[in-house]
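Subject: Handing over the two-chain model

Hi,

Here is the structure I promised to pass on. Have a look at it first, and then read on for my notes.

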Protein chains: 2
Amino acid sequence: MTNRIAYQMAEELRKASKVALFSHVSPDGDCIGSMLGLGLALEALGKEVYMYNSDPIPRNLSFLPGVEKIQTELPAPFPEILLFVDCTDLQRVKLENEVFPADSLILNLDHHISNQNFGHINWIDSQASATGEIVYALIRLLDVNLTQDIATNLYTAILTDTGSFKYSNTTSKTHQIAGELMDSGINFADIHHHVFDRTPQAKLELLRRGLNQLQILAQGQFAMMTLHKFDFEEIGAEESLGEGLIDHARTLEGVEVAALMKEVNSSVIRVSLRSNRWFDVNKIASHFGGGGHKRAAGCTLDMPLEEAQKLLVQKVEEELALGRSC
Amino acid sequence: MTNRIAYQMAEELRKASKVALFSHVSPDGDCIGSMLGLGLALEALGKEVYMYNSDPIPRNLSFLPGVEKIQTELPAPFPEILLFVDCTDLQRVKLENEVFPADSLILNLDHHISNQNFGHINWIDSQASATGEIVYALIRLLDVNLTQDIATNLYTAILTDTGSFKYSNTTSKTHQIAGELMDSGINFADIHHHVFDRTPQAKLELLRRGLNQLQILAQGQFAMMTLHKFDFEEIGAEESLGEGLIDHARTLEGVEVAALMKEVNSSVIRVSLRSNRWFDVNKIASHFGGGGHKRAAGCTLDMPLEEAQKLLVQKVEEELALGRSC
């Protein structure tokens, strides 16, 4: 079935003269890399291509070939074909169906199982590790020469969504495609450097403070990192810079549960939770009115920091004790 | 040519009834994973296999299937076939040729370009990212069923020697093999967790102290991390635990050169150096009587810590200034 849909989508793109591509807010490597890879491929076929993302491009993706072509304004007028990349629904682009001309053909290319099938043609492959894998298949169907620029974008898409081939969404097909992308002569070591190896000083300073405020509890099974409001203020760091810091706590030997407590203000504490092998952090987060998955969840506690820490430690230790008795 | 050698080696192994495998001192994921992968494959062919490594197995590799079979004593008596895995020369096993019976057949399987061809049959492929790639080819030649246990070992070998498909030794063939290994049903996410995600508490404590003693110099281009003798003593950490910490300095945005100064004692300072894109750290290391490569080098300064820091900063700033004027 995917095959028929794939051919249909390729056929529509072949016929088109103008195409607009859309990718989601809070853009990541997969949506930007997939959009650029496909955009450059369509340009190579002589199409007029418009690429849209409403948000700033993350700094670690600013090296991507063609990134300067991405527009933050909607196309005016809309072309006949609107193609959505890596978007589960139109809310991910902060758009409503009514914005588009009634005769628009909406194409929907995604790997999220929760995709809402909002397009006229929906190519959804939840087996793909990244939308970049689907774009790769589409470009092969379109018979476009895989240039270094296209391959760099698709490799980045796959690299970021698989955590460098680490996350469990990676398949043998992912590796096969990565190998074929490498054959186009991309400088993949440089891509890794751009994507992963450029830590802002403010982030390392947050890590330094986080490590100074790291507590190892519950006989080494629970690691809790704390960042105060003044930490962010003194560094001049956005709250989003704290992302990923929790992994330094989670990956400690012997640790099963990790928490990062971010003091938003004197009575609002944002809590991120991670676990490694068996502990259900979603249960903890739900208990405090938040949610997420078994291995990654979050909640917000409306109380002073010390109180929040005490409550969280208590609850985690309780659940750890239950787990151990199973 | 490699083909003829490969068939020869496979033929000798097919004929043998007993084989001893050797891997190098200070073992890493490639030598242990390759030895175990091949050892299990030869056992599957009904051979009696002896696996030798003189050193303790690193903790992050202790999960490898078959690891309990590795012996720290030399085989007595030596079997007819001695196969060396991932060893450039016999010094890497701390052995001399004279130890072996005169009629031993020595097989040499390696991917290091500097390999000394010390065997009777030498299968050296410097294009292979890891010896694990060569073992994979050998196992295919031997027509052994790729079990999960064998695949787990070979995947680990490749994973560690490529830094999770990041280092420039990675090729499209590496990805192709990784994909084929995954098809045997290995739990690769668990392998990543075992290999990379279990930081000893002492290591995180070293990082904490290293970050507290990090200096950003030369307008942000040079990051110098320092660890005192008392840091190691107070934590009870081996010097080797400091490995990798320098990457936190190297990957800082804007940094071109990074140094880690380890105070061995009050007059011996061990210096690790790394660079990102153009700076030749080998030049700095050589200047101080050390050596290495352009992007990774080291030296030892026989003087008090403060003096060593001063000298190093001066020399690095000098070279950075020269570089900038090019």
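A question to start with: is Ser164(B) buried, exposed or partly exposed? Ser164(B) counts as partly exposed, because 17 C-beta neighbours lie inside 10 Å. The cut-offs are these: a residue is buried if 20 or more other C-beta atoms lie within 10 Å of its own, exposed if 12 or fewer, and partly exposed in between, with C-beta atoms placed from the backbone.

Some housekeeping before the rest. This is a predicted model, where local features need pLDDT of at least 70 and side-chain atom pairs count only at pLDDT 80 or more, while totals for chains, interfaces and linings use all residues. Residues are numbered from 1 along each chain as its sequence is written, and chains are lettered from A and ligands numbered from 1 in the order in which they are written.

**How the two chains sit together**

The contact between them takes 33 residues from chain A and 33 residues from chain B; two residues are in contact if their C-beta atoms, placed from the backbone, lie within 7 Å. On the side of chain A that touches chain B, the elements giving two or more residues are α5 (172–182), α6 (188–196) and α7 (201–212) of chain A. Helices here are DSSP runs of H or I with at least four residues, strands are runs of E with at least two, and both are numbered from the N terminus. α5(A) gives the most to this side, with seven residues. By class, the side of chain A that touches chain B has eleven nonpolar, 15 polar and seven charged residues (Ala, Val, Leu, Ile, Met, Phe, Trp, Tyr, Cys and Pro count as nonpolar, Asp, Glu, Lys and Arg as charged, and the others, Gly among them, as polar). The copies meet through the same surface, because 97% of the interface residues of chain A are also interface residues in chain B.

In chain B, the buried residues of helix α5 (residues 172–182) include His175(B), Ile177(B), Leu181(B) and Met182(B). The cover over the buried residues of α5(B) includes α5 of chain A, along with α3 (131–141), α4 (148–161) and α6 (188–196) of chain B.

**Strands in chain B**

Strand β1 (residues 18–23) of chain B is mostly covered, with five of its six residues buried. β1(B) pairs in the parallel sense with strand β2 (residues 48–52) of chain B over five bridges, and also with strand β4 (residues 81–85) of chain B, in the parallel sense over five bridges. Pairing here asks for at least two bridges found by DSSP between the strands. Ala20(B) stands opposite Tyr50(B) in β2(B) and opposite Leu82(B) in β4(B).

Further along, six strands of chain B form an open sheet with mixed pairing, in the order β7-β8-β9-β10-β12-β11. β7 (214–217) and β11 (291–292) of chain B are at the edges with a single partner strand each, so one side of each is left without a neighbour in the sheet. Strands β8 (residues 222–227) and β9 (residues 257–265) of chain B run parallel and are joined by six bridges; Met224(B) has Ala259(B) as its bridge partner in β9(B).

Most residues other than glycine have a negative phi, and most peptide bonds are trans.

- Ser164(B), from the opening question, has a positive phi near 60° and lies in the loop between α4 and α5 of chain B.
- Ser26(B) has a positive phi near 45° and lies in the loop between β1 and α2 of chain B. Ser26(B) is exposed, with 12 other C-beta atoms within 10 Å.
- The peptide bond from Ala76(A) to Pro77(A) is cis, with omega near -5°; Pro77(A) is in the loop between β3 (70–71) and β4 (81–85) of chain A.
- Ala76(B) and Pro77(B) are joined by a cis peptide bond with omega about 0°, and Pro77(B) lies in the loop between β3 (70–71) and β4 of chain B.

Cheers
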